[in-house]
Amino acid sequence: MQQKSVTTDILDIAYLDYGAPDGWPCIMGHGFPYDVNAYAEAAPLIAQAGARVLVPYLRGYGPTRFRSPATLRSGEQAALGADLLAFMDALGIQRAVVGGYDWGGRAACVVSVLHPERVVALVSGNSYNIQNIARSMEPASPPEEAALWYQYLFHNERGRRALERNRRGFARQLWSMWSPTWPFDDATFEKSAAAFDNPDFVDVVIHSYRHRYALVEGDPAYAAIEAKLAQQPPVRVPTIAIDGDSDGVNAGTAHHARKFEGLFERRVFAGAGHNLPQERPADWAQAVLDVRKAAAKA
């Protein structure tokens, strides 16, 4: 494994590179509030099967940096998808198995629906991960609303200040609530927590959780992408979707099946919470290998 960096129009993207340079391309994305260490065990397993596994730090995390101070520190879904596509372009990757969970899964879903010709297959934590912003003010059940407390806090300046002053405290609270059966230790948390020291972390996070409720404008550069995503396009690439049955922030996505029009399978990882690849690395790696095999037969 090596840490490398590649330059796009917007970002200098830091990433981890596992496996042989001529291996089949596989790109895995992390979520909030996590980092590339989510794949520390899963990525080598995938690489052993012949893949070149690339795990980029998302915008606002770790060593990834914006190239211009004038660029809006957007965390909107269109930006995440555009970053993934630009990452592929910068590395000369025409097609890849893509996947992830939370923010990283959202980026993989965006590229899968808008650029299916670039995607061999998809592994998606929590299934159809594209936000329906037009319906963002429709309430969920009381337990689901309670789980989203952090999002509502981030809608106001008290939340921004709280995150700025105690990034690690907030992240650790969410890790514990979202993965109640995962006995992570201090060392495991601190390896990822360093990524939150990125100077753009707070701005990107706050924008993400305000934009998804239409409380702030997005970056005009991504308006055309957001317009396409507003149509809630289906996923047509071969997909394995995964939920954890102990996920403290997502109650399950069996009802998402109608959004997948190609080869589709949903798996549930018993005893797993939200951070699926780090909690169940062998199971995650197997899903990647299985969906690639299925795609080859499709």
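Is Phe-32 buried or exposed, and what is its relative accessible area? Phe-32 is buried, at 2%, where buried means under 20% relative accessible area and exposed over 50%, with partly exposed in between (1.4 Å probe, protein chains only).

A quick note on the ground rules: this is a predicted model, with local features needing pLDDT of at least 70 and side-chain atom pairs counting only at pLDDT 80 or more, while totals for chains, interfaces and linings use all residues. Residues are numbered from 1 along each chain as its sequence is written, and side-chain values use heavy atoms, leaving out hydrogens and water.

Now the rings. The structure holds 29 aromatic pairs (Phe, Tyr and Trp rings, the six-membered one for Trp, with centres within 6.5 Å; planes under 30 degrees apart are stacked, over 60 edge-to-face, the rest tilted). Here are two of them:

| Pair | Type | Centre to centre | Angle between planes |
|---|---|---|---|
| Phe-32 and Trp-103 | stacked | 5.8 Å | 25 degrees |
| Tyr-39 and Tyr-101 | tilted | 6.5 Å | 55 degrees |

Phe-32 and Trp-103 are 71 residues apart, and Tyr-39 and Tyr-101 are 62 residues apart. Trp-103 is buried at 0% relative accessibility, Tyr-39 is buried at 0%, and Tyr-101 is buried at 0% too. Ring pairs also tie Phe-32 and Trp-103 into a cluster whose members include Tyr-61, Trp-149 and Phe-170.

Charges turn up over rings as well (NZ of Lys or CZ of Arg within 6 Å of the ring centre and within 35 degrees of the ring normal). Lys-259 has its charged end 4.9 Å from the ring centre of Tyr-128, and Arg-292 does likewise over Trp-24 at 4.1 Å. Gln-232, buried at 15%, is in contact (heavy atoms within 4.5 Å) with residues including Tyr-128 and Lys-259.

Notes
Helices (H or I, at least four residues) and strands (E, at least two) are DSSP runs, numbered from the N terminus. Lists of a residue's contacts leave out its neighbours within four places in sequence.
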